[in-house]
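Please look at the sequence and the model shown here, and keep both at hand while reading. The report takes up a sheet, then helices, and then the nonpolar cores.

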Amino acid sequence: MELVLVILIDGLVYGLLLFMLSSGLTLIFSMMGVLNFAHASFYMLGAYFAYQISRYMGFWPGLILAPIIVGLAGAAIERFGLRKVHQYGHVPELIFTFGLALLIEEIVQFFWGKNQVPYDAPEVLQFALFSIGTNEIQAYKVFMIAISVLIFLCLLYVLTKTRVGMIIQAALSYPRTVEALGHNVPFIFMGVFGVGTALAGLAGVIAGPQLGTFPGMAFLLGSIVFVTIVIGGLGSLWGALVASLLIGWMTTFAASYNIAMADILMAVGFEMPEDMSEHALRDIWSLTLPQIGPILPYLLMVVILVFRPYGLFGKRDA
Amino acid sequence: MIKKTKFGVATALAVSLGASVAFADTVKIAFVDPLSGPFSPTGTNGYAEFQYAAEKLVNDQGGVLEGDMFEIVGFDNKMSPKESLIQVQVAIDQGIRYIAQGNSSGIAHAITDAVNKHNRRNPDDRVLFLNYAAVDPALTNDACNFWHFRFDANADIKMDALTDVMAKDEDLKKVYVIGQDYSFGKSVAAAAVRNLGEKRADVEIVGNELHPIGKVKDFTPYARKIVSSGADAVITGNWGADMVGLGKAIIDAGFDGPIYTYYAASNGITRTFGEQGTGHIYLVSEGAVNPPASDRTAAYVEGFEAKYPDHDITQPRIANTIEMLAKAINEAGTATDVVKVAQALEGMEHDSIWGGKLFMRPDDHQIIQNVDIQEHTSEGLQFYMDASEWGMKLVSEVEMAGMDSPTTCKMKRP
Amino acid sequence: MTDTTSIMTKKRSYGGLSTGTVAPWVICTAILLVLPYVFQSNSALTIMNQMAITIVFALAYNMLLGQGGMLSFGHAVYMGMGGFMCMHVMNWVEYQNIPLPLPLLPVVGGLFGMGMATIIGSFSTRTAGTVFAMISLGIGELIAASSVIVVAFFGGEEGVSGDRTYGLPVFGYEFLTKIEVYYLTAGWLVLSALLMYLFSRTPVGRMANAVRDNPERAQFLGYSARWVRFYSFCASGFFAGVAGGLFAINFEILTEENLNLVTSGSILLITFLGGVGFFFGPIIGAIVFTLLQSVLSLQTELWQLYVGALFVLTVMYFPGGLAGVIMMHVAPYKLGKLGTLVVPYFKTVLPAAIGILGLASFCEIMFHFKHAAVGENDMSLFGIEFSTHSPLPWIVIVGVTLVCFWIAKRNSAELRETWGNANVLSSPKEGGAQ
């Protein structure tokens, strides 16, 4: 029981982190139709910028400054790169972000080297806030939860209560109509792209100390973010939240429980082969849940797309 | 259509590389490892160590034979088996006779297989494969061949040495084994269970599991399980980001025992663990430099740190590789007839620059050497890692580890 | 891009066997036959074989992307699975003495790749667009991940290896040497390229284009968009499998690398770099990319930086890919005005090229300055030796780069004007690209 509680907390941390990435991506995608492959690269940039700032000014200025810099960089890339490509269609846009992801990874390696950098949580948060059984919960984790929830509430407020939010929501569903109503859609695009990448940058700032700051961090998280928004339904903020938490808890639970395939197969009525060493299905028999935990979201995505192409909360196909 | 015009121009470029013939007065060694991409830190570090070893241990001593110099030529394999085979072919065409590779046993399998085939099909330009770090036991057992020499202790030998040391700890009751889900992770786990079972039947293995390699974003759940299991010690073969992620998560979750590792040092890992790792991180390796075995060792390391401030001596065996190859070439009296060089290497005994003896076992071409257990610390160090305040210090040493370890190798000799 | 495509199709759609359609094939085959006499070293042969395999794979991929408008993030699966099957068959042939000549092995890979495509295509091709793309990503990741888990079939991290020479000799050839393998690969390259070209001429291939451009309209005409996509998908899976079989013969090993997302992603980039709008686009992309990967990486550790920059710039300025750049010149050529472009090109493209080289040199110097060993200040670029710690080379390179870019920029107006003139004048019957 204790372990379940701990897993719920750990899963929440990971899920909310995913949400910060996927909320920006889903906004960008549903509005501009761009599958932004470089989204996780902005997450990486956030972590590296914050690391650089933290070396001179400490952690807290980095928490504010790094996402802003990332957001500005994102807006600039939209303005001078993506907008140019936009006229050619969606596939070139995708290739552009693909190339951008490669480029950002190389640039990061060029300036910060290829090794993991020592980007750490601030000293004030480096203690165990409480323990459940033998498991300590670090204060920094609670801080991560707090920041993510705060961001979610802000987003929700902006999108539902402000005029800008209304326009964005309208543009999510009917981009053409919004343009026809005289709104400067390219400017909104740039703004949304900037805010989306800033969110990714913020996720990087707070995740860097926890999950490590190294050049491969973008690739590691890259495709799972797509999986999240597709499961949640493109363009749905609530969908992104639900899918993020679902994936967070699913992978955490899968990693925590050693459910073995052999037990399941035997329970179903198969007989365990005596000599396993040369059996053709030996790998299936020895399979355990933690081995496949990180690929479960992909399985879930394929199943959902086959039966419900719009995702859990989506209303329209892209 | 102008379909293929580019083809010609392009391959002209490709061939210009292959065309240059090896100079008579240099012995070239192809270094085939990742020099770009996510795995390049270990690759570029090893490249620097090879260059330094060739310069200090061979060229500054007057070279081999009659003044022939060693030259290390870097080939970027991008951690891809396919690219490795292409680059090995390019190296062979340049007249290179010695292929050095170490990162990833999977690639080592591909290369040893390709070298074996190449030597059978092209008896006129045979090559040797100097494996300096790929530790899958199979390479010197079922998959062994005459052209492959391993200068690192294999995973089984390292585990044998590690469990020798662990077995002396009377308080050790429960051990957790965790690793990456691939051949190396599996062989570490199997060797840990086997060895602990033989040496300390009373020690309970409270967990033995594999996680997908390079796919886990958050190691916390694994760490929770380890803490909940009440383990006194953790054994892992993880490397790179998987090592840091796992180690940090375990320590963060409140674990206070030792974590025995294969690869938790340098390349940013030592610096990232920092203070947190003290008293937790242990490493099984060879050639500990704190304290240095001799003045010669100290001078060698000092020289390296001065020349490559960004790098560390992470793979001391590279110096052994170069010294033993030079010795073998001198004994064989030729650098081009690799059969003679291989025969000289077989059964060679050598005094390592790191102290202790080296012995290239002729049955399976597995080197036998002292294996050290080192701890991550900031105290009592002469040499630091990652330009930080931390480094690895010798805790205990197993002499000539794995001397009598069995092998299933049945080698076909030319 | 679409403009040029339609011109291309219009030109080709006269059908029949004209010299215009046969000549390129004959010339290419002749070049393939002669190449090994020009480049004799084994490494050149290895790289050419690798090119040929990538070409077949890229062409197969373009059956989806270019001709069918389907974006796949997991196409390595079909090549990889075909290759793994071939590897197993190669080993079975060795142990069981089955009379299967080696040159026919790619057919096995093709059939297996097609089988996989049939299974997966049965549910993934129901819709195009993002859903198809994401399903392909999911399947790709699932199969790549299971390749490490299911050791019995995929061999885990070491992969599956075999020996091509243990099969039955075919007309006395044992495929011991690289040159024999080269001709085998080249033969399959021509054969599969021809078949893929012919497929694009069949009604199914034509309908794939229609479904790509306007699925509703195609449906109204009575064609099921889904079945058209499904057929293209299966055919693409077949040729990807053939590429996998060729890979098995060449490298005699298949590993997880052949299935993973990096391979899937790079074939997308290769195809796009070459140009998806033209049949021969992926061929150029495969050649250029293989050279960058295997040859440029020998010269510089920064090669991935340049490759990334190349993709971003290509997509920004030449969305038609390299083939698009070549085909842009068809209209001026037909108008007989190609000659007028030579001088402006010389005045703009040459300085721009030098400028780009200068920029790259700057990166190289900076990289060397940052990462080279202490005391090793000398580096050589383009055969010139200099010290990175003296200011002179920095000044020279920055100066040359800036001057060249300035010249290029100044002359670009002239080029644009000439380009416009070269494309319009006289006969109005040819519209011209752009």
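## Terms and model

Helices (H or I, at least four residues) and strands (E, at least two) are DSSP runs, numbered from the N terminus, and two strands pair if DSSP finds at least two bridges between them. This is a predicted model, in which local features need pLDDT of at least 70 and side-chain atom pairs count only at pLDDT 80 or more, while totals for chains, interfaces and linings use all residues. Residues are numbered from 1 along each chain as its sequence is written, chains are lettered from A and ligands numbered from 1 in the order in which they are written, and side-chain values use heavy atoms, with hydrogens and water left out.

## The sheet in chain B

In chain B, 7 strands make up an open sheet with mixed pairing, and their order is β7-β6-β8-β9-β10-β14-β15. Because β7 (204-211) and β15 (391-398) of chain B stand at the edges, each with a single partner strand, one side of each is left without a neighbour in the sheet. From one strand to the next, the twist averages 25 degrees.

Strand β14 (residues 371-377) of chain B pairs with β15(B) in the antiparallel sense over 7 bridges, and V371(B) has V398(B), in β15(B), as its bridge partner. Helix α7 (residues 220-228) of chain B packs on the sheet, where it touches β6 (174-180), β7 and β8 (233-236) of chain B (contact means heavy atoms within 4.5 Å). The direction of α7(B) makes about 165 degrees with that of β6(B) (axes are lines fitted to C-alpha atoms, for helices over the stretch in contact, and angles run from 0 to 180 degrees between N-to-C directions).

## A covered helix in chain A

Helix α9 (residues 217-232) of chain A has 16 residues and reaches 23 Å from its first C-alpha to its last, close to the expected 22 Å (1.5 Å times one less than its number of residues). Of the 16 residues in α9(A), 15 are buried, where buried means under 20% relative accessible area, exposed over 50% and partly exposed in between (1.4 Å probe, protein chains only). Just after α9(A), G233(A) takes a positive phi of about 105 degrees.

## Nonpolar cores

A nonpolar core is a set of buried Ala, Val, Leu, Ile, Met, Phe, Trp, Tyr and Cys residues joined through side-chain atoms within 4.5 Å. The largest has 297 residues, and those with the most contacts inside it are F70(B), Y98(B) and F73(C). Helix α3 (residues 42-68) of chain C gives the largest share of this core, 17 residues. A second, separate core of 33 residues includes M166(B), V175(B), I368(B) and I373(B).
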